[in-house]
Amino acid sequence: MSVSIYGSGQTVLQVVNAAFSTAISTTSTTLTSTGYSVTITPQSTTSKILVIFGGEMGNNTNSGSGMRMAIYRGATNLT
């Protein structure tokens, strides 16, 4: 798919969508891998990649609650 972005001179070449509905619960204070991943294929080394993340967080009444997200390329944390 190739979609021109009006007036920007840019083109969207690939759209990858991933939706996960499995709840993840942990007591870890460090990042825990969910095992979720998507594969993208940039056209060149200068291609831009837009990542949009949305999530819900429940409240644990026994302790503070929080949610973090990290984006990895291979083993490299990009965030």
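## A quick look at this chain

The protein chain has an accessible surface of about 7,500 Å², and 52% of that belongs to carbon and sulfur atoms. Keep in mind that this is a predicted model.

**Fold and contacts**
- The protein chain has four strands and zero helices.
- Take the contacts in the protein chain with a separation of 6 or more: 18% of them come from residues 24 or more positions apart.

**How confident is the model?**
- Averaged over the protein chain, the pLDDT is 76, and 78% of the residues score at least 70.

- Nine names to look for: Val-16, Val-38, Ile-40, Ile-49, Val-51, Phe-53, Met-57, Met-67 and Met-69 make up a nonpolar surface patch of about 790 Å².
- One of the patch residues, Val-16, is found in the loop between strand E2 (10-12) and strand E3 (72-73).
- Is Val-16 buried, exposed or partly exposed? Its relative accessibility is 38%, so Val-16 counts as partly exposed, since that label covers values between 20% and 50%.

Key:
Residues numbered from 1 in each chain as written. Predicted model: local features only at pLDDT ≥ 70, side-chain atom pairs only at ≥ 80, totals over all residues. Heavy atoms only, no water. Patch = residues over 30% accessible without salt bridge, like charges linked within 9 Å, V, L, I, M, F, W, Y side chains within 5 Å. Areas by Shrake-Rupley, 256 points an atom, 1.4 Å probe, with all protein chains shown as cover. Salt bridge = Lys/Arg side-chain N within 4 Å of Asp/Glu carboxyl O. Helix = DSSP H or I, 4+ residues; strand = E, 2+ residues; numbered from the N terminus. Buried < 20%, exposed > 50% of the residue type's maximum accessible area, 1.4 Å probe, protein only. pLDDT = per-residue confidence, 0-100. Contact = heavy atoms within 4.5 Å.
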